[in-house]
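Biologist: I am new to this structure. Could you walk me through how to read it?

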Amino acid sequence: HGKTINIFSIASGHLYERFLKIMILSVLKNTRRPVKFWFIKNYLSPQFKDVIPFMAQEYGFEYQLITYKWPTWLHKQKEKQRIIWAYKILFLDVIFPLSLEKVIFVDADQIVRADMGELYDMDIKGRPLAYTPFCDNNKDMDGYRFWRQGFWKEHLRGRSYHISALYVVDLKKFRETAAGDNLRVFYETLSKDPNSLSNLDQDLPNYAQHTVPIFSLPQEWLWCESWCGNATKSKAKTIDLCNNPMTKEPKLQGARRIVSEWPDLDLEARQFTAKILGDEVAIQESAPALNQP
Ligand code: UDP
Ligand code: CA
């Protein structure tokens, strides 16, 4: 059924591991191609590491846990959230084996509705990275579109500000053009100012795009309710549960409200986890779910 689709992701904490299993299932249910998942090992729980080999066997995918030691000379991050963001973007050239030529990053809290093979095969025009620009059809959010004014408007010079929940990395091009070094140099300079890179994994590639070019993906590759209007929802190829800075709705609540297939995928993942780890975990996992509105 064609070439393996390589997907990488990162998760920390019970909630994001629960999301990650749903993301995995949603990818697999929408492609007939072989899939290999790459997970950043750093924050995965022992329970997740116990379940994943059984999931791989049951659903027929490959996986590998990867990590990279933070370089001593690179400005360090102290908060866990920011360390995770850093691992999303800073070590793409060195964290995968050289034989891997392409990989797609998918946020743990994303639900896939299309064949990721289509994205994997897409011609990204010789650029090392491909991201989807932020939607502009949810007008309620105009006041939050910080990239339309001031520093970002000036800096972007007509280019798009892209969302970092999903992106393609042409690793061959990325290594050839020293994109990793370029990103780390920008990072090193910017991170000294505690007020910059407030969204590290997103601000950095958007900032660097004059040097590390980004191919802008068609809008339907990333729909998220906070920024995209309901008019484009039915075309969504992936849905991210991205934080809504206006409503600040909890992600679990949003998941059930926004994504019709989410409750079934969640149940399937929880039942599978319970089968492998035993009832104790099943009870732990179902309790917060039942308490949610
Ligand atoms: N993440 C995580 N644990 C956290 C926060 C973030 O594993 O506590 C990872 C996870 O892969 C998540 C990604 O970082 O999908 C981006 O964070 P999030 O989805 O919360 O950001 P948003 O899409 O809301 O901007
Ligand atoms: Ca997200």
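We will look at the sheet, the helices on it, the cavities and the metal site.

Modeller: This is a predicted model, in which local features need pLDDT of at least 70 and side-chain atom pairs count only at pLDDT 80 or more, while totals for chains, interfaces and linings use all residues. Residues are numbered from 1 along each chain as its sequence is written, chains are lettered from A and ligands numbered from 1 in the order in which they are written, and side-chain values use heavy atoms, leaving out hydrogens and water.

Biologist: What is the strand order of the open sheet?

Modeller: Strands of a sheet pair through backbone hydrogen bonds, either parallel or antiparallel. Here 7 strands line up as β3-β2-β1-β4-β7-β6-β8, with mixed pairing. Strands (E, at least two residues) and helices (H or I, at least four) are DSSP runs numbered from the N terminus, and two strands pair if DSSP finds at least two bridges between them. The edges are β3 (62–66) and β8 (214–216), each pairing on one side only.

Biologist: How many bridges join β1 to β4?

Modeller: There are 2 bridges between β1 (residues 5–9) and β4 (residues 102–106), which run parallel. Phenylalanine 8 has phenylalanine 105 in β4 as its bridge partner.

Biologist: Which strands does helix α1 touch?

Modeller: Helix α1 (residues 13–28) packs on the sheet against β1, β2 (35–40) and β4; contact means heavy atoms within 4.5 Å. Its direction makes about 160 degrees with that of β2, where axes are lines fitted to C-alpha atoms, for helices over the stretch in contact, and angles run from 0 to 180 degrees between N-to-C directions. Helix α2 (residues 46–59) lies across β2 and β3, at about 155 degrees to β3.

Biologist: Which residues line the second largest cavity?

Modeller: Rolling a probe the size of a water molecule over the atoms shows where empty space is left. On a 1 Å grid over the protein atoms alone, a cavity is a set of points where a 1.4 Å probe fits but cannot get out, and lining residues have an atom within 4 Å of a point. The second largest cavity is lined by Pro133, Phe134, Cys135, Ile163, Gln219, Leu222, Cys224, Trp227 and Cys228.

Biologist: And which helix gives the most to the lining of the largest cavity?

Modeller: Helix α9 (residues 251–258), with 5 residues.

Biologist: Which residues coordinate the calcium ion?

Modeller: The calcium ion (ligand 2) is coordinated by OD atoms of Asp107, Asp109 and Asp240, at 2.3 to 2.7 Å. Donors are N, O and S atoms within 2.8 Å of the metal (3.2 Å for Na, K and Ca), and water is not among the atoms, so sites may look incomplete. Aspartate 107 sits in the loop between β4 and β5 (110–112) and aspartate 240 in strand β9 (residues 238–240), 133 residues apart.

Methods: On a 1 Å grid over the protein atoms alone, a cavity is a set of points where a 1.4 Å probe fits but cannot get out, and a pocket is an open set with protein on both sides within 12 Å along at least five of seven lines; lining residues have an atom within 4 Å of a point.
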